[in-house]
Amino acid sequence: MLRATLLSRSATDHALLLAVHHIAIDFWSIEVAIDELYTLYVAEKNGQSASLPPIRQQFTDFVHE
């Protein structure tokens, strides 16, 4: 459902390729995932600890509503 490939173009230039099946993620979810990946990347690049917002609702919470 999810495939990630890290491509190295040079010693300092890389690209992350993500392929996600549409049944596994919608546009809103992919936007959240990309924002969180960016936050983690910037923190790692700057040698800092990443701080992501807490998860407000689990899938089981959604199902029980």
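This is a predicted model: local features need pLDDT of at least 70, side-chain atom pairs count only at pLDDT 80 or more; totals for chains, interfaces and linings use all residues.
Q: What makes D13 and R9 a salt bridge?
A: Their side chains meet at 2.9 Å, N to O. The cut-off is within 4 Å, for a side-chain nitrogen of Lys or Arg and a carboxyl oxygen of Asp or Glu. The pair therefore qualifies as a salt bridge. Side chains of opposite charge can pair when their charged atoms come close.

Q: How many salt bridges does the structure hold?
A: The structure holds 1.

Q: Why is R9 called exposed?
A: R9 has a relative accessible area of 65%.

Q: Why is D13 called partly exposed?
A: The relative accessible area of D13 is 30%. Buried means under 20% and exposed over 50%. D13 falls in between, so "partly exposed" is the label.

Q: Where is P53, and what makes this residue exposed?
A: P53 sits in the loop between α1 (27–45) and α2 (59–64). Its relative accessible area is 58%. The limit for exposed is over 50%, so P53 counts as exposed. The C-alpha atoms of P53 and A19 are separated by 24 Å, and these residues are 34 apart along the chain.

Q: Which residues form the nonpolar patch on the surface?
A: The patch is formed by M1, L2, L6, L16, L18, I23, L37, L40 and L52. Together they have about 890 Å² of accessible area. The elements that give two or more residues to the patch are β1 (2–8), β2 (14–20) and α1.

Q: What pattern does the protein chain follow along the sequence?
A: The pattern is β-β-α-α. The chain has 2 helices and 2 strands.

Q: How does the radius of gyration of the protein chain stand against a compact globule?
A: A compact globule of 65 residues would have a radius near 11 Å. The protein chain has 15 Å. The C-alpha atoms fill a box of roughly 50 × 30 × 15 Å along the principal axes.

Q: What share of the 65 residues is buried?
A: Buried residues make up 2%. To count, a residue needs under 20% relative accessible area.

Methods: Residues are numbered from 1 along each chain as its sequence is written. Side-chain values use heavy atoms; hydrogens and water are left out. Buried means under 20% relative accessible area, exposed over 50%, partly exposed in between (1.4 Å probe, protein chains only). Helices (H or I, at least four residues) and strands (E, at least two) are DSSP runs, numbered from the N terminus. Patches are made of residues with over 30% relative accessible area and no salt bridge: like charges are joined within 9 Å, nonpolar side chains (Val, Leu, Ile, Met, Phe, Trp, Tyr) within 5 Å. Accessible areas come from the Shrake-Rupley method with a 1.4 Å probe; for residues, only the protein chains shown count as cover. The radius of gyration is taken over C-alpha atoms; the globule rule is 2.2 Å times the number of residues to the power 0.38.
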